[in-house]
Amino acid sequence: MIQIAPSILSADFMRLGQEIHAAEEAGADLLHIDIMDGHFVPNITIGPAVVAAIRKITRLPLDVHLMIEDPDKFLPDFIKAGADYLTVHSEAAVHLHRTVQWIREKGIKAGVSINPATPVAQLESIITEVDLVLLMSVNPGFGGQKFIPATMEKIRKTREMIRVAGASAAIEVDGGVKLDNAKEIADAGADMLVMGSAFFESGDYKKTMEKLNDNFRNR
Ligand code: DX5
Ligand code: ZN
């Protein structure tokens, strides 16, 4: 089944614990946590201390998306904080292969993300080494942006690359995923959908999950 990863970027940070519990109760599969450093992306969010606090209050796997420069420097901190998935940007990791291997050696799932302007071909030499490919469908930095339609073709190309290579990486799509385009994105070959604003601004998380289930998850 396609997994849904609510992004806490759009949650009410004042009530973060309750928001996470509500997402978990609604049936979310994992929790997407956006880490931004004000350098790789023009925004700043949270660090390992908050991830560690989240780890204590939920059983959901923590899908940590590092939008930071020099990610190697902070990997140990996020592993210690309890990340289950650690995803780095191919544009930010100079020695991507080493970084991914290092994450996996620690028993954590390793992901590689590419920005909208980065071609899928960039993944070719790493595709058999990763657990996750995170395709950005908006320019990273902010929630609530519009899905970039060219991502659809990138999903199909990545799916085909995984097939040809005999790889087992999952495809996650992040940015502008809404109730009305989620099915199309899943049909293109995505395994995991990040939902920030469409989830946390929906008011009723259970209903949102039910709609996703009716739409395509229970088919
Ligand atoms: C954007 C982040 C996303 C963000 C998605 O840079 O990586 O995870 O939370 O938000 P929506 O779903 O609102 O586009
Ligand atoms: Zn993200």
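Predicted model: local features only at pLDDT ≥ 70, side-chain atom pairs only at ≥ 80, totals over all residues.

Is Phe199 buried or exposed? I looked it up: Phe199 counts as buried because its relative accessibility is 0%. My cut-offs are under 20% relative accessible area for buried, over 50% for exposed and partly exposed in between, with a 1.4 Å probe and protein chains only.

Residues are numbered from 1 along each chain as its sequence is written, chains are lettered from A and ligands numbered from 1 in the order written, and side-chain values use heavy atoms, without hydrogens and water.

**Rings.** Next I checked Phe200, which counts as buried because it sits at 6% relative accessibility. Phe199 and Phe200 make an edge-to-face aromatic pair, 5.0 Å centre to centre with 75° between the planes. (Rings of Phe, Tyr and Trp, the last by its six-membered ring, pair if their centres lie within 6.5 Å; planes under 30 degrees apart are stacked, over 60 edge-to-face, the rest tilted.) I get 3 aromatic pairs by this rule, and ring pairs tie Phe199, Phe200 and Tyr205 into a cluster.

**Core.** I then went for the nonpolar cores, meaning buried Ala, Val, Leu, Ile, Met, Phe, Trp, Tyr and Cys residues joined through side-chain atoms within 4.5 Å. The largest has 66 residues, and Ile8, Val64, Leu86 and Leu193 touch the most other members. Leaving out neighbours within four places in sequence, I found Leu86 in contact (heavy atoms within 4.5 Å) with residues including Val64, Leu66, Phe78 and Ile103. A second, separate core has 6 residues, among them Ala5, Leu30, Leu132 and Ala170.

**Val173.** I found Val173 in strand E7, residues 170-174 (strands are DSSP E runs of at least two residues, helices H or I runs of at least four, numbered from the N terminus). Val173 counts as buried because its relative accessibility is 0%. Beyond four places in sequence, Val173 touches residues including Leu135, Phe147, Ile185 and Leu193. Ser113 is 60 residues from Val173 in sequence, yet their C-alphas are 9.5 Å apart.
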